[in-house]
Amino acid sequence: MNPPSTARTDLEAALGRYRCLFDQQVDDWDGFIETLLRPPPTWIWANPLRIDGSRLRALIAAEGIGAEPVPWLQPWWSSVARRLAGIGFEAAPEPAAASPIALRLPAGFKAGQRWWYCAGLAHAQEAVSQLPVMLLDVAPGHRVLDLCAAPGGKTAQLALALGNRGTLLANDFAAERIAALQGNLDRLGVLNCSTTRCDGGNYPAAAGAFDRILVDAPCSSEGTLRRNPSLVQPGGRGETGAGEGAGECVGIRAGSIDRRRVDRARAYAGIGPERSRRMAGRQRALLRKAVQLCRPGGRIVYSTCTFAPEENELIVADILDEHNGHLELLPCEVPGLVTGAGVTRWQGRQLDPSLARCLRLWPQANDTGGFFIAVLEKSAQASGVDDRAPAQPRHRHGFQLEADDDGWLRQLCDHYGLPASAWSNRRFHRQTRRGLHLVAADHCPPASPSPQGSGLFAYRTNIRPPKLTTGAALLLGAAATRQILELSGEQRDRYLRREPMRPDPEQIADCRPGQILVRHRGCTLGVAVLHRSGALESLFPSRWSGCTAGA
């Protein structure tokens, strides 16, 4: 860790080209730098399918940690909770919409290592990262595309805004990113999403038209410096700091450039104008594709977590110019949140005054990360892709059940005592020979691009005995009436660490040997095997091992 004085000098050198913006339209350069030198708070949201915020706050308070509501996110989350009312089996007695869902925790708090995170009761997501979905204005019945989806926090928000029904496509370009995305969706109980893997800038028009499209574009990530200070590191190739227009934005005063600052800035590899210019081509292609796929009258949100106008306003300005009045930049505001206007002049280029409608989130204003958001609406008179229903996918073994699958489902229901209501507005289907996937009944993914997966892989039938997956256990566990074991806090942690244990005879009096569901404080954690000897074997997935700290 660099000494504070060195770290401040490094930051001012790497970000000095933005000083002109503070001179013109933003307050408090010193506060900006000082905020970036502090670690950020931890932000989470309660999963309204599983729990309300008041109950989650109580679970966190039991660990000696205070969780404070985020007022400027609460109205949107309340509307989502109302849409989901009655869907989740683990809803708290009080109305979920009246409970704070977005929460702020102390800096350094490791939410992903807590048992309630493992149980899918919450998700960690920077507060300003929750804004793009809120401003996209998704409603049930919309057909939605998340063009750059991993690791999945915004995708999960979109799924919940749709009521966990309908059709959401979540795309990314790398297999490992898709795996991380699917893991988060499974943990949170998302059923209305198909994942696709392709270059977002070349997403096929055969996918059909979308009412809402989110482009949370890959970027230089300057807004994450509070979490990723290593972005400012020596030893690079002049990626950041002074470049074209340095005299306008790096100079302390016009005509007076601090050469030592410029030289230092050229020594950093993680951020800067050269990298921003390289990112811009891909970002422009992504937003251009989103406009093509958006249904006339639909909405697009373009967002990044960087300060660079080359990746923000200049991208939006270019796309607006290309569409000759058929694309409008909408004004937007978030009551209770301090926001900055979009840049309308950069490095000698005068931009359309409408670019001021973009939102800039500066870290010092709300103690958050940095963020940029533009909300675009496509004219009802604009052209679009073929709006007919796209062809449905044909998985290797079909998108339907096979002849013997009814038997598997009866066995599953009998084993855990699941009621018929557990399948309300849901359907099972086969994507592979491994077993059954569970998906929203009205989910309709396209044939192209071919989905990597649709819904949640729920029940493995290619092993004996068949096994409910952890994601399905978290989703269905509260509805079970048989084969349930309530664990103590110490047993909970051992289960999450996949350690063998032997429950007390009283705990397992109502369980017969075989697979059981384990709970803690009434919340399902996953599946275990109760052996005839009385030993309990954890089946908590090792790939979710980030949760092993327990409490």
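**View A. P69 has L103 in strand β3 as its bridge partner.** This is a predicted model: local features need a pLDDT of at least 70, side-chain atom pairs count only at pLDDT 80 or more, and totals for chains, interfaces and linings use all residues. Residues are numbered from 1 along each chain as its sequence is written, and side-chain values use heavy atoms, with hydrogens and water left out. Helices (H or I, at least four residues) and strands (E, at least two) are DSSP runs, numbered from the N terminus. Two strands pair if DSSP finds at least two bridges between them. Here β2 and strand β3 (residues 102-105) run antiparallel, and two bridges join them.

**View B. β2 and β3 belong to an open sheet of four strands.** The order is β2-β3-β1-β4, with antiparallel pairing. β2 (68-69) and β4 (122-124) are the edge strands, and each of them pairs on one side only.

View C. Contact means heavy atoms within 4.5 Å.

**View D. Strand β19 pairs with β17 and with β20.** Four bridges link β17 (residues 435-440) to β19 (residues 456-460), and these strands run antiparallel. Look for G435, which stands opposite R460 in β19. L438 stands opposite L456, also in β19. Now turn to β20. Two bridges join β19 to β20, again antiparallel. R460 has K467 as its bridge partner in β20. β19 and β20 form a hairpin, with six residues between them. Why is β19 largely enclosed by the rest of the structure? Four of its five residues are buried. Buried means under 20% relative accessible area, exposed means over 50%, and partly exposed lies in between (1.4 Å probe, protein chains only).

**View E. E34 and R8 form a salt bridge.** A salt bridge is a side-chain nitrogen of Lys or Arg within 4 Å of a carboxyl oxygen of Asp or Glu. The structure holds 24 of them. In this pair, the closest N and O atoms are 3.7 Å apart. E34 sits in helix α3 (residues 29-36) and R8 in helix α1 (residues 4-15), so the pair ties together parts that are 26 residues apart in sequence. E34 is partly exposed, with a relative accessible area of 40%. R8 is partly exposed too, at 22%.

**View F. D216 forms a salt bridge with K154.** The closest N and O atoms of this pair are 3.1 Å apart. D216 belongs to strand β8 (residues 210-216) and K154 to helix α8 (residues 153-161), so the pair ties together parts that are 62 residues apart in sequence. Are these two residues buried or exposed? D216 counts as buried, at 18% relative accessibility. K154 counts as buried at 12%.

**View G. The side chains of E328 and R357 meet in a salt bridge.** The N to O distance is 3.9 Å. E328 lies in strand β10 (residues 327-329), while R357 lies in the loop between β13 (349-350) and β14 (359-361), so the pair ties together parts that are 29 residues apart in sequence. E328 counts as partly exposed, with 39% relative accessibility. R357 is partly exposed, with a relative accessible area of 34%. Elsewhere, salt bridges that share partners join R8, E12, D30 and E34 into one network.

**View H. The chain has a mean pLDDT of 88.** pLDDT is the predictor's confidence in each residue, from 0 to 100. In this chain, 86% of the residues reach 70 or more. Residues 89-96 have a pLDDT below 50; this stretch has 25 contacts in the model beyond near neighbours in sequence. Over residues 235-269 the pLDDT is also below 50, and that stretch has 80 contacts beyond near neighbours in sequence.
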